[in-house]
Amino acid sequence: MGKQLSRGLACAIIFAGLSACSDMDSDADIEVLQEREYRVAEVRRSEANTERHSLREALEDPRLHPYALARTIFAESDFRQNSPMFLLQFAAALIDSETAPEIVDREVDNLLAEFDEISRLQPYFEQNEWTFYLRLLRVSQFTPNTERTAQLRDHVEDLFELHIIDNNSRARLVEYYLEQDQLDDAERHLEQIDEPYYIARFSLILIERYLQRDDRYAAQRLLDELSLMETELLGFTAEWVSVLLLANRESQAVSFILDGFDRAFSVLYDEDQFTFYRNIISFHDLVQQALRLERADEARHALLQAYRQLATFSGLELINIRLSIAFLKSFATLGDENTFAEVKRDVLARTYSYLQNPDYFSEIVRAFSKEMLEHGLEQHAIELIDSAAQMNDDEVRIPEPEFHYALGYAYGVLGEEEPGQRHLQVLFNDPAKLEELLSSFRVSPFNVLQDFIDAGYVDEAIELVGTQPNMNEIRVIFAALVAQERFVDALQKLGEYDLNESSTVWGLLTIGHGYLTSGVLPNAEARAVMQDFWSRYMPTDS
C-alpha cells in the first residue's frame, strides 16, 4: 500500500511539473520546476531505499525469507559439521541479489573462519586446500570486499606454487583471471596446462581479448601457435573463424574451412559408429562456417556429400535422425528449395521407417519433435507426427500408453496443444495405462516426468511422483515450480515431502534463490508456510 502511495505521489508531482512547463517565463518558474524534480528524485530514492531495507531485513529473519530460514536450520542442524560447503552455496545464492552484498560478505567470512574445522572433518580439503580457496575466491570476487579477494587470490597463487595442480583446477584459475580481465595472469597459468582442449578454448578467448585491446602482437603470437592445432580446432570451428576474421585473416579462415572439408570427408567412411558421428558433427560445423564466409557453392557440395553418407549409414538411429535434422536446417539456410524439399522427404521417410519398430517409437517421436523445434523447423515436423498418430488406427501396433505419451509430448512441444492434451488426457484418465507406461522397459519414468513438465503439465507431474519422490524427481519439480514463480506451492510441497534436514535446507535455498532472482519478497501465505517449518525445527521458539 505504501509503495502504491509513493508511486502515486511521484506521478502527481511529475504531472504537476509537466503542466508548469507550458508557461515558464522566468527564473522563478525554472527554480520551481527544479525543486519539483528534486522532490521526485527524493521520492524515488526513498522508495528504493525502503525496498532494499525490506530485503535486508527479510534475509536476516528466518520467518520472512526462505534463505534466512535455510541458514538458521543449517546452523542448528546435526549435519552442519559434515556439510560445511553448504555455506558456499548460501553465499553463491545471494550473488543474484545486489541489494545484500554485506550478507554475502558475512557468508564468505564465516566460511573462512570455519576452514580449520572443515579441514579436520574433511581430509580432502586439508590435502587439496587450493580447491577450497579457489572456490571461495570465485564467490568473493562478487563482493565489495576487494581486500579480502586480493588476499585470497595471493593465497591461491602461493598454493599453486607449492603443489602439483591438476589441469581442471588450473583451468578454473584461468577462468577467474579472464573474468577479471587480467590477461597476463590468465596466460601465465594457461602455459602450465597440457590439455589440448583447454589450450584451444582459452587461447581463443585470449586472442579475442588482445584484439579488443588492440594488442596485435600478443594476438598474432597466440594465433600462430594455435594454427598448429588443426585437429583440436575442429572442436572450435566457429570460434576459430571468428578470431581469424577479427584479426583480418579471412584467407586463412577460408583455407581452414576448405582444407577441413577434405580432411573431414576422408574419414567419413569410418565404420565405427561413434567415430563416424563425431566426424559428421565436425563436418557440419565446417559447413556452417563456409556459409558464413559466403562460400555457398563449396558448402552445398560438401553438405550433399556428407548427407548422402549420413543417410546410408546404419546404426544408432536416434543419433542419425538428430544429425539429419541439423543437416536439414543447413539446407534450409542455403535457400535451395528443391534440394531442401528432397532432403526433407528423405528425413521424414527414414524417421517414419524407424517408427515401425515399437522399441523405437516413443524415443524417436520425442527426439524428432524436440530436435525439429530447436532448429526452427517445427512447421515441417507436424506432417510426420500426424502420420505417426495414425499408426494405431487399424490395429494396436504401438502399446497404447507409449503411443499416447509420445504423441502428447510431440504435439505439445510443437505448439499443437489441442491434440497434445487429448493424447495425454488418455493417460491421466486411466491410472492403469499410466502405471503401464511407467513400468515399460522402453520408457524412463524420469523422462516421463520431465516431458510432462516440458509440455506444461506441472501439476500432473507432481501427482505422478506421489508423496515420496526421490531427490532427482524433487529437483525437477522444484525447478519447474520456481521457474513459474509458484513459490508458495514449492514451500508447501517441501513440507509435504517430509525430507531430512539437508534436503530441506537445499529446498529452502532453492526457493530463496528463486525469490531473489524474481525480485519479490514472500507474501503472507508464504510466510505462514515458513512458520510451520520454524515450528518444526525450532519448537522452543515458536
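Me: What handedness does the crossing of H26 and H27 have?
Reply: H26 passes H27 in a left-handed crossing. Keep in mind that this is a predicted model.

Me: Thanks! At what angle do H26 and H27 pack, and how far apart are their axes?
Reply: The angle between H26 (residues 445-454) and H27 (residues 458-465) is about 160 degrees, and their axes are 7 Å apart. Angles over 145 degrees count as roughly antiparallel, so H26 and H27 are roughly antiparallel to each other.

Me: And which residues meet there?
Reply: From H26 there are Val448, Leu449, Phe452 and Ile453, which meet Val458, Ala461, Leu464 and Val465 in H27. By class, that contact has 8 nonpolar, no polar and no charged residues.

Me: Switching to H4 and H8, how do their axes cross?
Reply: The axes of H4 (residues 86-94) and H8 (residues 129-140) come within 10 Å and cross at roughly 20 degrees. That makes H4 roughly parallel to H8. The crossing of H4 past H8 is left-handed.

Me: New topic: is Glu371 buried or exposed?
Reply: Glu371, which lies in H21 (residues 358-374), is buried, with a relative accessible area of 14%.

Me: What is Glu371 in contact with, leaving aside its neighbours within four places in sequence?
Reply: With those neighbours left aside, Glu371 is in contact with Arg322 and Ile325.

How values were computed:
Residues are numbered from 1 along each chain as its sequence is written. This is a predicted model: local features need pLDDT of at least 70, side-chain atom pairs count only at pLDDT 80 or more; totals for chains, interfaces and linings use all residues. Side-chain values use heavy atoms; hydrogens and water are left out. Axes are lines fitted to C-alpha atoms, for helices over the stretch in contact, and angles run from 0 to 180 degrees between N-to-C directions. Helices (H or I, at least four residues) and strands (E, at least two) are DSSP runs, numbered from the N terminus. Angles under 35 degrees count as roughly parallel, over 145 as roughly antiparallel, 65 to 115 as roughly perpendicular and the rest as oblique. A crossing is left-handed if the near helix is turned anticlockwise from the far one by less than a right angle, and right-handed if clockwise. Buried means under 20% relative accessible area, exposed over 50%, partly exposed in between (1.4 Å probe, protein chains only). Contact means heavy atoms within 4.5 Å. Ala, Val, Leu, Ile, Met, Phe, Trp, Tyr, Cys and Pro count as nonpolar, Asp, Glu, Lys and Arg as charged, and the others, Gly among them, as polar.
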